[in-house]
Amino acid sequence: MDLITLAVMVVKIIVVFVAMLLTVAYLTWLERKVLGHMQIRYGPLRVGWHGLLQPIADGIKLFFKEDIVVDSANKVIYHLAPFIITVCAFASFAVIPFGGELTLFGHTIPLRIADVNIGILYIFALSSLSVYGITLAGWSSNNKYALMGGLRSSAQMISYELSIGLSIIGVLMLTGSLSIVEIVKAQKEGWFIITQPIGFIVFLICGIAECNRTPFDLPEAESELVAGFHVEYSSMKFALFFMAEYAHMIVVSALVTTLFLGGWYLPFFNIESITPSTLIGQIIVSLLPIGVFGAKVFFFLFFFIWLRATYPRLRYDQLMQFGWKVLFPLALFNVALTAILHIAQLI
Amino acid sequence: MSVVKSIWALICGLQETLGYFLKTTVFGKPATLKYPEERWTPYPRFRGLHRLLRTEEGKEKCVACCLCAAVCPAQCITIETAENEHHEKYAQRYEIDGARCIFCGYCVEACPVGALLMTGEYELADFTRDKLIYTKERLLEE
């Protein structure tokens with residue numbers, strides 16, 4: 001690896017990480033704003049123009065808050081838990097391609113941090129690990145509400161991880177690869193949402209459950225468990241949990257986009273077919289796919305907030321029933337159907 | 001059928017919230033006010049802070065009959081009566097304890113001479129309890 005490649009790599013990592021952090025911060029603003037308007041009120045309005053500096057103010061506030069460590073907590077695990085969940089949430093984005101290739105001064109820069117040929121497995125491994133963060137946080141706090149939250153989280157994870165795994169099997173069968181880039185490239189002609197509608201719906205629902213968002217926010221169910229697994233955390237440790245939840249939302253949105261909505265491709269139009277003569281034009285055209293990808297991700301982020309404003313939380317038994325009796329058979333049916341249709345060469 | 005119906009119900013729910021979102025962003029404004037800048041104008045019959053009225057000659061209407069103090073369920077009206085130079089009964093001291101008043105308006109209803117009125121004044125918060133006691137002078141203002 002020569003020096004330029006290394007420098008490009010470092011720049012890419014920094015850019016993606018900063019962009020991710022900023023998106024997480026402003027996602028909280030967006031959430032409060034959208035929720036506010038859906039409830040016929042304004043949302044944040046005072047700090048900066050339309051409350052735009054609110055996330056920064058929140059960040060500073062959380063940073064200077066007292067970091068309370070509970071006496072009865074299991075110290076090592078208590079300190080470790082927020083880091084597990086945050087690292088898992090942020091590291092998942094490493095394999096998600098957010099654009100095609102950028103050609104700059106004769107160098108071809110692939111717009112992704114790492115092109116792992118088993119990218120999808122990597123993401124699923126990390127998302128399964130992140131539930132440890134929640135469960136351990138709940139257990140080590142030595143608080144009944146936190147423990148309940150942690151337990152619910154692990155039960156929820158077992159119910160949904162199977163369906164989420166099965167729901168992408170169809171996509172993998174059609175692509176014949178575990179690499180996320182290959183999956184996106186296979187959708188150049190047609191998005192997988194058309195050939196895999198059941199897989200898409202199952203994946204989306206499980207994705208919402210995966211990042212503990214309403215209506216599947218049982219681990220933190222504030223009206224019954226105070227704050228669930230993070231009830232004993234304050235200051236930056238709480239902020240880490242908060243950031244992890246939003247980072248998870250971004251990762252799930254990005255995954256839905258890459259797996260089912262054709263990643264950075266537009267329908268009926270190939271951006272790569274435009275070949276401007278000037279350098280600036282070329283850069284703009286090669287950055288356009290990032291915009292397309294971002295727009296799709298933004299739609300899903302909005303959809304997540306929209307769901308939160310609309311649906312009440314599921315009851316515990318309803319969640320289990322829904323996971324095992326509806327989503328799981330549906331995902332299995334989708335696998336069988338896709339296999340049959342694929343062998344019959346219909347899709 | 002029930003499955004279709006419940007899925008349809010979910011979609012209707014999404015429609016509802018999106019409708020409100022559009023109604024409060026693109027096509028209109030939220031129902032809440034940006035308070036210190038925008039203030040709500042009370043309706044004519046709104047029950048805000050009390051006011052003691054004067055006659056056209058500037059004399060106090062109040063005849064110190066103490067019916068308001070008698071009817072007050074929160075017992076927040078204190079009246080001390082006295083006799084003036086024309087040998088008429090008048091309220092030497094007339095105090096409403098704003099901290100205890102429940103703004104029910106019974107005092108206004110009970111007044112036989114219509115000396116008491118409730119205004120639209122609703123920003124009544126203050127830093128000390130003493131400042132919440134409305135003396136006769138304060139009630140007669142304006």
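**Entry 1: chain B, overall.** I'm working from a predicted model here. I started by counting elements: chain B has 4 helices and 5 strands. Reading from the N terminus, I get the order α-β-α-β-β-α-β-β-α. Next I checked how spread out the chain is. Its radius of gyration comes to 24 Å, whereas the globule rule gives 14 Å for 142 residues, so chain B is more spread out than a compact globule. I also looked up the extents: the C-alpha trace spans about 85 × 35 × 30 Å along its principal axes.

Entry 2: How is chain B divided? I find domain 1 at residues 1-32 and domain 2 at residues 50-140. The centres of these two domains of chain B, taken over C-alpha atoms, are 50 Å apart. Burial next: 13% of the 142 residues in chain B count as buried. For contacts in chain B with a separation of 6 or more, I note that 69% join residues 24 or more positions apart.

**Entry 3: a helix pair in chain A.** I moved over to α9(A), residues 197-210, and α11(A), residues 235-260. Their axes lie 10 Å apart and the packing angle is about 165°. Angles over 145 degrees count as roughly antiparallel, and therefore that is what I call α9(A) and α11(A). The crossing of α9(A) past α11(A) is right-handed. Which residues make the contact? On the α9(A) side I list F200(A), F203(A), L204(A), G207(A) and E210(A). From α11(A) come V252(A), L255(A), V256(A), L259(A) and F260(A).

**Entry 4: positive phi.** Most residues other than glycine have a negative phi, so I flagged exceptions. One of them is S235(A), with phi near 55°. S235(A) sits in helix α11 of chain A.

Where does A64(B) lie? I find it in the loop between β1 (50-52) and α2 (67-71) of chain B. The burial cut-off is 20 or more other C-beta atoms within 10 Å. A64(B) has 20 of them, so I log A64(B) as buried.

Notes: Residues are numbered from 1 along each chain as its sequence is written. Chains are lettered from A and ligands numbered from 1 in the order in which they are written. This is a predicted model: local features need pLDDT of at least 70, side-chain atom pairs count only at pLDDT 80 or more; totals for chains, interfaces and linings use all residues. Domain bounds come from an automatic or database domain assignment. Helices (H or I, at least four residues) and strands (E, at least two) are DSSP runs, numbered from the N terminus. The radius of gyration is taken over C-alpha atoms; the globule rule is 2.2 Å times the number of residues to the power 0.38. A residue is buried if 20 or more other C-beta atoms lie within 10 Å of its own, exposed if 12 or fewer, and partly exposed in between; C-beta atoms are placed from the backbone. Two residues are in contact if their C-beta atoms, placed from the backbone, lie within 7 Å. Axes are lines fitted to C-alpha atoms, for helices over the stretch in contact, and angles run from 0 to 180 degrees between N-to-C directions. Angles under 35 degrees count as roughly parallel, over 145 as roughly antiparallel, 65 to 115 as roughly perpendicular and the rest as oblique. A crossing is left-handed if the near helix is turned anticlockwise from the far one by less than a right angle, and right-handed if clockwise.
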